[in-house]
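Subject: Structure handover

Dear colleague,

I am passing this structure on to you, and below it I have set out what was found. Please have the sequence and the structure open beside you as you read.

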Amino acid sequence: MQEQTALRDIFVTGLKNAHAMENQALAIMKPQLSRIEKYPEVAARLKTHISETEGQIGRLENILSSMDEDSSTLKDLALSVGGSVAALGHTLAGDEILKNTFASFAFENYEIAAYRSLISLTELGGYAAAKPLLEQNLREEEEMARFLETELPTVTRRFADLSMAGQDASV
Ligand code: MG
Ligand code: FE
């Protein structure tokens, strides 16, 4: 049926975009983690979320292969490079940790929106097996977004304290 084909296309495109988004997430988080020196709580949470993200990529690949779709695309590669460049953009800033926290909060909320959209497509298209996998990814993004939201005042306070003490607070 034509409607079902259209829905399938929307769902598969959404899954591939999410796969690219997650590779971009890794390309942003890994350089951030390697640079952090004075914000150990952020570093620890980033480390956890990097491994969660690898699991998310695995779930997306499972869904894609269950639909006979290949998950390796050139678009992914292009987005990964873009992600590295975006993360690099903050490295010359004296307030790198703050800008990265803002950007990470925005990115997590983008991911939340992407998974909510995909979950609604599982309902529309009857892709019941994919739903719990996408809900797991969504939960991890919501938890990361909540961490960043909660941590922002603490990070800001530490940034201010270090700066007032004449130390390099940037990262
Ligand atoms: Mg993610
Ligand atoms: Fe995330």
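To begin with one pair of helices, the axes of helix 1 (residues 2-35) and helix 2 come within 9 Å and cross at roughly 155°, where axes are lines fitted to C-alpha atoms, for helices over the stretch in contact, and angles run from 0 to 180 degrees between N-to-C directions. Helices here (H or I, at least four residues), like strands (E, at least two), are DSSP runs, numbered from the N terminus. Helix 1 and helix 2 are therefore roughly antiparallel to each other, given that angles over 145 degrees count as roughly antiparallel, under 35 as roughly parallel, 65 to 115 as roughly perpendicular and the rest as oblique. The crossing of helix 1 with helix 2 is left-handed, a term for a near helix turned anticlockwise from the far one by less than a right angle, whereas clockwise would be right-handed. The contact of helix 1 with helix 2 divides into 15 nonpolar, 6 polar and 6 charged residues. In this division Ala, Val, Leu, Ile, Met, Phe, Trp, Tyr, Cys and Pro count as nonpolar, Asp, Glu, Lys and Arg as charged, and the others, Gly among them, as polar; contact itself means heavy atoms within 4.5 Å.

Before going further, please note that this is a predicted model, in which local features need pLDDT of at least 70 and side-chain atom pairs count only at pLDDT 80 or more, while totals for chains, interfaces and linings use all residues. Residues are numbered from 1 along each chain as its sequence is written, chains are lettered from A and ligands numbered from 1 in the order in which they are written, and side-chain values use heavy atoms, with hydrogens and water left out.

As for the whole, the protein chain has 5 helices and 0 strands. Of its 171 residues, 44% count as buried, that is, under 20% relative accessible area, with exposed meaning over 50% and partly exposed in between (1.4 Å probe, protein chains only). Among the contacts in the protein chain with a separation of 6 or more, 81% are between residues 24 or more positions apart.

Helix 2 also packs with helix 5 (residues 131-164), at an angle of about 165° and with their axes 10 Å apart. These two helices are therefore roughly antiparallel to each other, and their crossing is left-handed. Residues of this contact include Glu41, Val42, Arg45 and Leu46 of helix 2, and Glu143, Met144 and Phe147 of helix 5. By class, the contact of helix 2 with helix 5 has 9 nonpolar, 4 polar and 8 charged residues.

Two residues from this contact can be followed individually. Arg45, in helix 2, counts as buried at 15% relative accessibility, and, leaving aside neighbours within four places in sequence, Arg45 is in contact with Glu52, Glu143, Met144 and Phe147.

Lastly, the axes of helix 2 (residues 40-66) and helix 4 (residues 96-125) come within 14 Å and cross at roughly 25°. Helix 2 and helix 4 are therefore roughly parallel to each other.
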